[in-house]
Amino acid sequence: MLRNQKCKLLPYIRENIYGLDYNSQQIIPWSISHLHVDKEWSKAQGEGVIVAVIDTGCDLDHPDLKDSLVDGYNFIGRNRSPVDDNGHGSHVSGTIAASNNNKGIVGVAPKAKIMPIKCLGKDGSGNLSNICEGILYAADNGADIITMSLGTPTGSMYMRQAINYATDKGCVIFCAAGNNGNKSELMYPAKYTDTISIGSISNNLQISKFSCSTGSELDFLAPGEDVISCVPDDSYARMSGTSMANPFAAGCAALLMSYKKKRLTKYQYIEHFSKYSLKPDYLFKTYKSRGIITPKV
């Protein structure tokens, strides 16, 4: 039965960027410049932190990503490498940990390591059983942080058990809230209280119209519109969605863990991020939670 249940990428917008390649002068994504991520790099850059990206895989040879990878796994084709044939997983990975090498783009935590776990296929969908196995794999193979920018409208006992297993092993799990609009409930797994759920803001720090933000389960907001990051074939694209906001938050968590030099619990992350989050009054007309996440360590 579990193998018949599907999980898929949340709807998102993609615009390929032509003329930008790895040999171009490095572009700093607006999410990094607006929230002053680079000011924290003198304190920490994600050293010693492994972030498992459960997604469509990763471009393992992308020059902005190849030095930021540890071994992962392909649950779609179990005898093959977790190569990204969609683009979404590479984009997420770049937002977290693209190398700071003065070329291409740079991630929030450029010295963190990405564990690419391919559970979604070329069409962006996959069996829920693969997602659950991916969570277990990440927990058993040294991931400190797990990020999932995917969703399903209904919960699953098996996914809940996998998330509980990973949190019991010391992992903290970040999940994209969903892209069904401000009046919509969060998608699973973001709706689970054992995860940290992330909605999206635009570059003027307004809640994105597509971002699910109803209900107390939503923890934080992060940049999710017009985010530039890596895609396969050594290329780059601009994407929008809570899928793009979620890895920004995971990257901030990697910076904090690297600075503290120890793992933190979900509640320690929430306490810290709540203390330093941006809380403009206009946000709270429709949004009930903790504000815009910042990289402050």
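This is a predicted model: local features need pLDDT of at least 70, side-chain atom pairs count only at pLDDT 80 or more; totals for chains, interfaces and linings use all residues.
Residues are numbered from 1 along each chain as its sequence is written, and side-chain values use heavy atoms, with hydrogens and water left out.

Let me begin with the overall picture. The C-alpha trace spans about 50 × 45 × 35 Å along its principal axes, and the protein has 6 helices and 13 strands, where helices (H or I, at least four residues) and strands (E, at least two) are DSSP runs numbered from the N terminus. Of its 297 residues, 62% count as buried; buried means under 20% relative accessible area, exposed means over 50%, and partly exposed is in between, with a 1.4 Å probe and protein chains only. If we take contacts between residues at least 6 apart in sequence, 77% of them join residues at least 24 apart, contact meaning heavy atoms within 4.5 Å.

Now to the charges. There are 31 positive and 28 negative side chains, and the centres of the two sets lie 5 Å apart; Lys and Arg count as positive and Asp and Glu as negative, with His and the chain ends not counted, and the place of a charge is taken as NZ of Lys, CZ of Arg, CG of Asp or CD of Glu.

How many salt bridges does a search of the whole structure find? The search finds 9, a salt bridge being a side-chain nitrogen of Lys or Arg within 4 Å of a carboxyl oxygen of Asp or Glu. I will take three of them. In one, D85 and K118 meet with N and O 2.9 Å apart, and this pair links distant parts of the chain, since D85 sits in the loop between β4 (73-74) and α2 (88-97) and K118 in strand β5 (residues 113-118), 33 residues apart.

In another, the side chains of K169 and D140 meet at 3.4 Å, N to O. K169 lies in the loop between α4 (157-168) and β9 (172-176) and D140 in helix α3 (residues 128-140), so this pair ties together parts that are 29 residues apart in sequence. Here K169 is partly exposed, at 40%, and D140 is partly exposed too, at 43%. In the third, E40 bridges to K43, with the closest N and O atoms 3.4 Å apart; E40 is buried, at 8%, while K43 is partly exposed, at 40%.

Some acidic residues gather instead in a surface patch of negative charge, made up of D21, D61, D233 and D234; patches are made of residues with over 30% relative accessible area and no salt bridge, like charges being joined within 9 Å and nonpolar side chains (Val, Leu, Ile, Met, Phe, Trp, Tyr) within 5 Å. D234 lies in the loop between β12 (227-231) and β13 (235-240) and is partly exposed, with a relative accessible area of 36%. Its phi is near 60°, a positive value in a residue other than glycine.

N102 also has a positive phi, near 70°; it is placed in the loop between α2 and β5 and counts as exposed at 60% relative accessibility. For the peptide geometry, the bond from Y188 to P189 is cis, with omega near 10°, and P189 is found in the loop between β9 and β10.

G94, in helix α2, counts as buried at 0% relative accessibility. Leaving aside neighbours within four places in sequence, G94 is in contact with L65, I105, V106, G107, S229 and C230. G94 and D234 are 140 residues apart in sequence and 12 Å apart in space, C-alpha to C-alpha.

Finally, in helix α6 (residues 266-276), K266, Y269, I270, H272, F273 and S274 are buried, and what covers them includes β7 (145-148), β9, β10 (196-201), β11 (220-223) and α5 (242-260).

Note on methods. Accessible areas come from the Shrake-Rupley method with a 1.4 Å probe; for residues, only the protein chains shown count as cover.
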